Amino acid sequence: MAARINTSLHNALSFLKPFNTPLNTKPFSFRRNSFRFSKKLPYYSQFSSGKRALYCTSSSQESTVDEGETFVLTTPLYYVNAPPHMGSAYTTIAADSIARFQRLLGKKVIFITGTDEHGEKIATSAAANGRNPPEHCDLISQSYRTLWKDLDIAYDKFIRTTDPKHEAIVKEFYARVFANGDIYRADYEGLYCVNCEEYKDEKELLENNCCPVHQMPCVARKEDNYFFALSKYQKPLEDILAQNPRFVQPSYRLNEVQSWIKSGLRDFSISRALVDWGIPVPDDDKQTIYVWFDALLGYISALTEDNKQQNLETAVSFGWPASLHLIGKDILRFHAVYWPAMLMSAGLELPKMVFGHGFLTKDGMKMGKSLGNTLEPFELVQKFGPDAVRYFFLREVEFGNDGDYSEDRFIKIVNAHLANTIGNLLNRTLGLLKKNCESTLVVDSTVAAEGVPLKDTVEKLVEKARTNYENLSLSSACEAVLEIGNAGNTYMDQRAPWFLFKQGGVSAEEAAKVLFRFPNCHSSYKTKDLLPI
Ligand code: MSP
């Protein structure tokens with residue numbers, strides 16, 4: 001059966017677009033954190049009903065950006081072995097919704113994303129596609145940017161690890177770690193998963209030395225490499241996690257990290273003799289820097305500004321340490337063990353939090369480029385629009401856990417929540433305004449909702465949404481906003497403004513207030529801003 005989404009949804013949701021998204025229709029002027037009726041209402045002014053115009057004065061507080069507080073959040077830098085799939089989009093959608101919420105709180109947000117372009121995995125996929133690596137990276141990196149645009153992702157920085165400013169910072173960082181005595185040369189022999197770009201412990205492998213994530217056999221490698229002295233940082237890492245258990249979230253991922261560390265940390269190789277496509281090791285151009293030792297630095301090099309000095313110290317001064325690294329659970333060890341140790345070695349501060357979310361799965365298996373069982377985000381967005389896609393995955397998957405996709409479920413959720421609840425509330429409110437009021441409403445928003453029980457309900461639900469956003473419980477944040485929508489619909493049903501409008505006179509004025517009250521029930525946040533779409 002052909003997929004069908006209630007057609008009123010698209011119209012309704014155009015009113016819910018965030019401040020940075022162009023609107024198709026312009027009945028109201030949208031400002032960053034406020035829901036205001038513009039004095040000039042180009043759309044409504046076309047309807048001259050001959051009735052008295054009502055003017056709305058809105059003195060709702062606008063969140064001001066507190067320049068002192070900066071919230072830096074990152075997505076992983078995506079491998080450019082293949083174009084993005086829905087699994088890669090998931091982290092970025094979540095990050096974008098958190099970034100919007102932090103902006104709403106008035107913070108200066110630096111939302112970093114980008115692409116990870118060096119190493120064996122990328123060189124191999126470029127060759128398999130008959131391209132040279134730079135050409136291949138340009139093409140795939142661009143497909144990520146295109147998808148972010150299609151999904152209404154408003155990142156602040158997009159870093160590519162092939163950018164010369166990044167390469168300079170990696171070399172400088174390497175030199176610092178070297179100067180600290182944490183890099184040495186040795187032979188290494190082990191089993192390597194090219195898709196993970198990681199040497200594996202035999203005990204974590206499946207039958208036939210298969211990687212549990214990619215279900216493909218690891219290859220035996222023997223190399224003369226440079227090593228990072230991770231083992232030196234075992235105790236400092238244990239101490240950090242004991243003192244600050246919130247460093248790794250959710251808490252069950254912290255347990256995982258603590259048990260890795262407890263089982264003993266081994267030094268890891270940070271160069272490759274057999275890989276040309278990478279940043280040369282300083283003072284040894286026969287080796288390139290290991291792709292992870294290179295890519296993690298993207299979180300810092302992204303902070304550089306084009307017209308400023310491109311060095312580590314300057315980059316760090318633009319916003320390091322990051323407030324939040326958002327990652328999938330498969331790359332937790334790199335972010336919660338390797339990365340903090342590397343930073344300590346270089347004398348830099350640690351990020352404040354690493355959150356490892358679960359996987360989008362298909363038939364119970366991680367959806368991935370290497371396994372070839374992906375869901376195409378471009379197709380999904382084209383078919384259903386970005387709002388539906390963003391909303392579904394944030395609402396449906398408990399952030400932190402795995403979640404399966406099914407089209408039936410997608411259509412059911414989007415229709416029930418966005419079309420029938422939020423969309424319906426907006427459409428009926430706007431429809432009545434269009435039919436009965438001339439462009440503007442004379443209602444003072446500071447008092448319009450006073451004494452109305454709905455105000456209390458909404459205040460509580462907004463607090464609920466806010467707490468859930470702060471705790472990164474994104475599905476529960478969506479749920480709280482939905483409850484606001486339900487409360488609004490109930491209020492409309494009870495007050496029946498369509499009936500009051502028909503009565504005219506004082507009743508009609510009361511009807512206009514009913515329409516205005518709902519979006520102004522909370523002094524700081526408007527329902528539309530709290531939805532992650
Ligand atoms: N390049 C490294 C990250 C370096 S960060 C300095 C990498 N890239 S990746 O493209 O393979 O994965 C990027 C992110 O996408 C990871 O967080 C990974 O968990 C996430 N996802 C990839 N497939 C996914 C699902 N099926 N579901 C949810 N997220 C998944 O690792």
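This is a predicted model: local features need pLDDT of at least 70, side-chain atom pairs count only at pLDDT 80 or more; totals for chains, interfaces and linings use all residues.
The chain has 533 residues, of which 58% are buried, and its secondary structure comes to 20 helices and 20 strands. If we take the contacts between residues at least 6 apart in sequence, 77% of them join residues at least 24 apart.

Let me turn to the ligand. It is surrounded by 23 residues, and the closest of these are Asp 116, Gly 328, Asp 330, Leu 360 and Met 367. By residue class, the shell holds 13 nonpolar, 6 polar and 4 charged residues. Which polar pairs do we find between an oxygen atom of the ligand and the backbone? One such oxygen atom sits 2.8 Å from a polar backbone atom of Gly 328, and for Tyr 79 the distance from a ligand oxygen to a polar backbone atom is 3.2 Å. On the side-chain side, a nitrogen atom of the ligand lies 2.7 Å from an N or O atom of Asp 116. As for cover, the ligand on its own would have 660 Å² of accessible area, and the protein covers 96% of this. Strand S4 (66-79), helix H8 (291-295) and strand S15 (324-328) are the elements that each give two or more residues to the shell, and the largest share, 4 residues, comes from S4.

Asp 116 leads us to strand S5, which spans residues 107-116. Is this strand enclosed or open to the outside? Of its 10 residues, 9 are buried, so the rest of the structure largely encloses it. S5 pairs in the parallel sense with strand S6, residues 157-160, over 4 bridges, and within that pairing Thr 115 stands opposite Arg 160.

In one, 3 strands follow the order S12-S14-S13 with antiparallel pairing, and its edges are strand S12 (271-272) and strand S13 (280-281), each of which pairs on one side only. S13 is joined to strand S14, residues 284-289, by 2 antiparallel bridges, with Pro 280 opposite Thr 288. In the other, the order is S18-S17-S19 and the pairing is mixed. Strand S17, residues 360-362, runs antiparallel to S18 and is joined to it by 2 bridges, and Thr 361 stands opposite Lys 366.

Among the helices, H13, residues 386-396, is mostly covered, with 10 of its 11 residues buried; the buried ones include Asp 387, Arg 390 and Arg 395. Helix H14, residues 407-436, contains Thr 421, which is buried at 8% relative accessible area. A polar atom of the Thr 421 side chain lies 3.0 Å from the backbone oxygen of Ala 416. Beyond its neighbours within four places in sequence, Thr 421 is in contact with Ala 416, Leu 482, Gly 485, Asn 486 and Asn 489.

I will finish with the backbone geometry. Most residues other than glycine have a negative phi, and most peptide bonds are trans. Another joins Trp 320 and Pro 321, with omega about 10°, and Pro 321 belongs to the loop between helix H10 (312-317) and S15.

As for positive phi, Glu 197 has a value of about 50° without being a glycine; this residue sits in the loop between strand S7 (183-193) and strand S8 (198-200), and counts as buried at 2% relative accessibility. Gln 215, likewise not a glycine, has a positive phi of about 55°. Its loop runs between S8 and strand S9 (219-228), and Gln 215 is partly exposed, with a relative accessible area of 38%.

Definitions and conventions. Residues are numbered from 1 along each chain as its sequence is written. Side-chain values use heavy atoms; hydrogens and water are left out. A residue is near a molecule or strand if one of its heavy atoms lies within 4 Å of it. A polar contact is a pair of N or O atoms within 3.5 Å; within protein, one must be able to donate a hydrogen and the other to accept it, and residues adjacent in sequence count only if both atoms are side-chain atoms. Accessible areas come from the Shrake-Rupley method with a 1.4 Å probe; for residues, only the protein chains shown count as cover. Ala, Val, Leu, Ile, Met, Phe, Trp, Tyr, Cys and Pro count as nonpolar, Asp, Glu, Lys and Arg as charged, and the others, Gly among them, as polar. Buried means under 20% relative accessible area, exposed over 50%, partly exposed in between (1.4 Å probe, protein chains only). Two strands pair if DSSP finds at least two bridges between them. Contact means heavy atoms within 4.5 Å.
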